[in-house]
Amino acid sequence: AAMMAAGPLLLLLLLLGAAGPGLGAAGPGSGSGSGSGAALREELLLRPLPAGDVAAAFQFRTRWDADLRRGAVSHYRLFPKALGQLVAAQGVRELHLALTQGFWRTQSWGQPPLGAPAGAELWVWFQDSVPDVDKAWKELSNVLSGIFCASLNFIDSTNTVTPTASFKPLGLANGTDHRLLRYAVLPREVVCTENLTPWKKLLPCGSKAGLAVLLKAERLFHSSYHSQAVHIRPICRDASCLAVSWELRQTLTVVFDSFTSGQGKKDWSLFKMFSRTLTDACPLASESKVYVDISPKNKEKELLEVTPTPTSVHEAVVQGDKRTYAVYDLLSPSLFNSSRSLNVQLKWKRPQDSQELSTPVLHAQRYVSGYGLQTGEISTLIHNTHPYRAFPVILLETVPWYLRLYVHTLTIITKGKENKPSYIHYQPAQDRKRPHLLEMLIQLPANSVTKVTIQFERALLKWTEYTPDPNHGFYVSPSVLSALVPSVIAMKDVDVEESPLFASLFPSSDGSSYFVRLYTEPLLVNLPTPDFSMPYNVICLTCTVVAVCYGSFYNLLTRTFHVEEPSRGGLAKRLANVIRKFRGVPPL
Amino acid sequence: LPQGTDVYVGKHRSALLRAGRGLAALRARLQQLTQVIALPATSIAAALADRVPDGQLGPDARRHLKSSLGYEITFSLLNPDPKSHDVDWDIEGAVGRYVQPVLDKLSVVANFSVDSQILYYAVLGVTPRFDKESSSFLLSAHSLPHVINPVEARLGSSAASLYPVLNFLLYVPERSHSPLYIQDKDGAPVPTNAFHSPRWGGIMIYNVEAPASPQASLPLHVDVDMVRVMEVFLAQLRLLFGISREELPPEFQVESPGNEGLADWELDRLLWAHTVENIATVATTLTSLAQLLDQISNIVIKDDVASEVYHAVASVQDAMAELAEGRLRSAFQASKEAVTSSERAFFDPSLLHLLYFPDDQKFAIYIPLFLPMAVPILLSLAKILREARQRKKEPSKID
């Protein structure tokens, strides 16, 4: 049942929806393409985190001035042919695929540059000319599973949902019919080198030149968090937005842990993180930059020193915070004058004992409670740490069909009082066909904790539906929180093409708030598991009982007796007689 | 007819013969002509090559592409050194001008789709060696089989269709390995600097002249001469399909087919070979299906599978009848339908033989139950037989 209300809902949906076209009206195209209107930009952002870890985020943006409608284009230059043909053949308008290993700790690390849930996430907007969206979705997930060597072919109707409010198109869109959107998460999916290699193959320079030389698997997977993503969307070609270009963004975020990779010192360098240094920019790239976040904390002097000297310093407001970046432009000739390789080193000027963790404005946790194998309760805690502003958040929960939710037990409590959501969309599950879908728009008061709880009952599966390791448990996909968070500092209407990285993937309509999408932890739930050795036990027992019983009865009934003459006896009898003679006992 | 030419073969199934030396000479010339134009027995044997066991045919037997409903042609430009060479090719124009007319003519045979891509940092699998006399780099003939392997991983296959792919690669060697020539078996450089691999595609090496002044700014802009490149690729396409011309007898001259790429009678030969191959494929498929049915006695054949099989058999008979009458186009259509039906019938998911219990598995399940019960019965049966035999031997003991 969907209960709509005016006010915050309309405002939020309008902002999330209408900001799409507004996004594209950016400044003129960045740099010169390598002929025929294709351009590649590569960026790397290094951000030191509290507690000595460092986050590195790569972004490779290929922009192609062509129209990928069905069958229109077949000649590719920078854009990879595999993805271009797939988008054209299946009528895809937008495609977002993320493969993540690990969990981004929002409370201690702040907002992620681009969040992604643990496992594999795929969400796609199709063109409205597609006749059968489900068939196209199935073919698309199978082909992507082949391209990226990931088990995306397990995406089927039992883990696909059609959200109505949480996922709006991030590229150009005219009209948003939710029947064209599909969203699926595979929380059990593991990411490894096999998935990194085809991802690197899609880059025009491969991993031979530019920033991609740093992407070596043995260092990248030795980390606390690894996320690689592919985003394809249509954007405006220029400010007048008369023609459409296609943008392929490949992002990779990795967090290096100071304990596992450092020797106790908290100094970082490119060589220490990736065991490689940069030697040149990709010859096909129109822009190739490394950004290092040297923002001072608490408005004091900088504590972070970077060597060699950066080519420039850039200030921007990113995700509501004023940040200062030291920029290394790999295309400027002065960078490689002194040495042939660039090894950016970050050194702390003072020890970081007094590290004030700035908690992010919005963060959330989710957990399962209850006892036994019959019932349980899912609880989500959403924290709003803004001192005086309240804002709404859309919560999307996808629960598999074998955890039967009781919607009448859904309670939302803020500061001890009940909080009624202004919009609820609930789609109940169908056994073995569809999962539960629950979407709510919840207003979070300032400086509060909201607890959303719902009770469920565990179902008994058929014995062929269990995985080979059923006692590991069954995963529940992470829930998604989408919100326009008010920023503490007013943001200028920055030229989105010029700002580094991730501020330009999400819409930002005005300077007072920024869009955040957070994912909670996946849950692991034990289902009642039968004893799988029973069929073997039954066969053994039945056959033994039948054999013994039947055999004995048959023998009793059909045995014939006849007289036997006493024989001289075998060897044992003779030996026994000998011993008896010695003892003086009569023989047998 | 010009001097020295006795036979002139046109491009539309007609030929001009110079007569005048008597009937016997004329007959000999006519025989030679039919050898050139019509489908010889070797072509038929080559079409059936996949079904004949090894050893009976020469090494040239498996050269031509297998008959299929469609083909995908991919042109790839390999640039291993984008820092030195900024290569650009007008592939859209070249495909429209040179390749599309040939594909239009071949559209009777199959559906074609063309695409292209540019791959950077794609290196050949073999390091060429430097030859001091010609001051150039050489790839010897025996290292050619190893050239393609590492590149093939990057070429990719189409996400949209299941047709076989023909790859045509244009390789621009690195500045440090320029100029690069391919050597044939005798050691002389190949004039077109290209080679093809049967049933896969072809590769051509495009050398870029070194810049006039050593201080020229890198990267050098290179505009590929598409005429030269397309000549080679179209010739390789003809070789791959088997439309090439064998040795012509002396005094024969064949008219050049112009922009269309192949003459009508060459197309007829191709259609004929493909028809024969299709018929053979259908025969093999249906025979395998029958063998599968023999193996598993309780397999269930659905109605639509059965109707596909009937349709395939009817189409094959049609195709053979049309071939016997000489109507090539309809025979080819019938054989294509036959192949489609038989493939659909054979690859139906319900025919998977693992779905049905083989007999030995049934034995394995029932033996632990019946064997212990059967042992006392068998023993007592043996005892009865023994007693009966004893009684027969001593009839006088019965009271």
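Two strands pair if DSSP finds at least two bridges between them. Helices (H or I, at least four residues) and strands (E, at least two) are DSSP runs, numbered from the N terminus.

## Basis and confidence

This is a predicted model, in which local features need pLDDT of at least 70 and side-chain atom pairs count only at pLDDT 80 or more, while totals for chains, interfaces and linings use all residues. Residues are numbered from 1 along each chain as its sequence is written, chains are lettered from A and ligands numbered from 1 in the order in which they are written, and side-chain values use heavy atoms, with hydrogens and water left out.

The predictor gives the complex an ipTM of 0.82 and a pTM of 0.84. pLDDT is the predictor's confidence in each residue, from 0 to 100. Chain A has an average pLDDT of 83, with 85% of its residues at 70 or above. Chain B also averages 83, and 90% of its residues score at least 70. Where pLDDT is low, the predicted coordinates should not be read in detail.

## Sheets of chain A

A 3-strand open sheet has the order β9-β14-β11 in chain A, with antiparallel pairing. Its edge strands are β9 (268–269) and β11 (304–307), each pairing on one side only. Strand β14 (residues 345–348) of chain A is joined to β11(A) by 4 bridges, and the two run antiparallel. In β14(A), K347(A) stands opposite E305(A).

A 5-strand open sheet of chain A runs β15-β16-β22-β18-β19, again with antiparallel pairing. β15 (362–369) and β19 (417–418) stand at its edges with a single partner strand each, so one side of each has no neighbour in the sheet. β15(A) pairs with strand β16 (residues 375–384) of chain A in the antiparallel sense over 8 bridges. L362(A) lies opposite N384(A) of β16(A).

Strands β12 (residues 312–318) and β13 (residues 321–329) of chain A pair antiparallel over 7 bridges. The bridge partner of S312(A) in β13(A) is V327(A). The two strands form a hairpin with 2 residues between them, and Q319(A) in the turn has a positive phi of about 50°.

## Helix packing

Axes are lines fitted to C-alpha atoms, for helices over the stretch in contact, and angles run from 0 to 180 degrees between N-to-C directions. Helix α9 (residues 534–558) of chain A packs against helix α9 (residues 359–393) of chain B at an angle of about 15°, with their axes 8 Å apart. α9(A) is therefore roughly parallel to α9(B); angles under 35 degrees count as roughly parallel, over 145 as roughly antiparallel, 65 to 115 as roughly perpendicular and the rest as oblique. The crossing of α9(A) and α9(B) is right-handed. A crossing is left-handed if the near helix is turned anticlockwise from the far one by less than a right angle, and right-handed if clockwise. Contact residues include C543(A), V546(A) and Y550(A) of α9(A), and P368(B), L369(B) and P372(B) of α9(B). The contact residues of this pair comprise 11 nonpolar, 2 polar and no charged. Ala, Val, Leu, Ile, Met, Phe, Trp, Tyr, Cys and Pro count as nonpolar, Asp, Glu, Lys and Arg as charged, and the others, Gly among them, as polar.

Within chain B, helices α7 (residues 303–325) and α8 (residues 328–346) pack at about 160°, with their axes 8 Å apart. That angle makes α7(B) roughly antiparallel to α8(B). Their crossing is left-handed, and the residues of the contact divide into 11 nonpolar, 6 polar and 5 charged.

## Backbone exceptions

Most residues other than glycine have a negative phi, and most peptide bonds are trans. C149(A) has a positive phi, near 55°, and is placed in the loop between α4 (133–148) and β5 (160–161) of chain A.

The peptide bond from T307(A) to P308(A) is cis, with omega near -5°; P308(A) is in the loop between β11 and β12 of chain A. In chain B, the bond from S178(B) to P179(B) is cis, with omega near -20°, and P179(B) is in the loop between β8 (165–171) and β9 (180–182).

Terms used:
Contact means heavy atoms within 4.5 Å.
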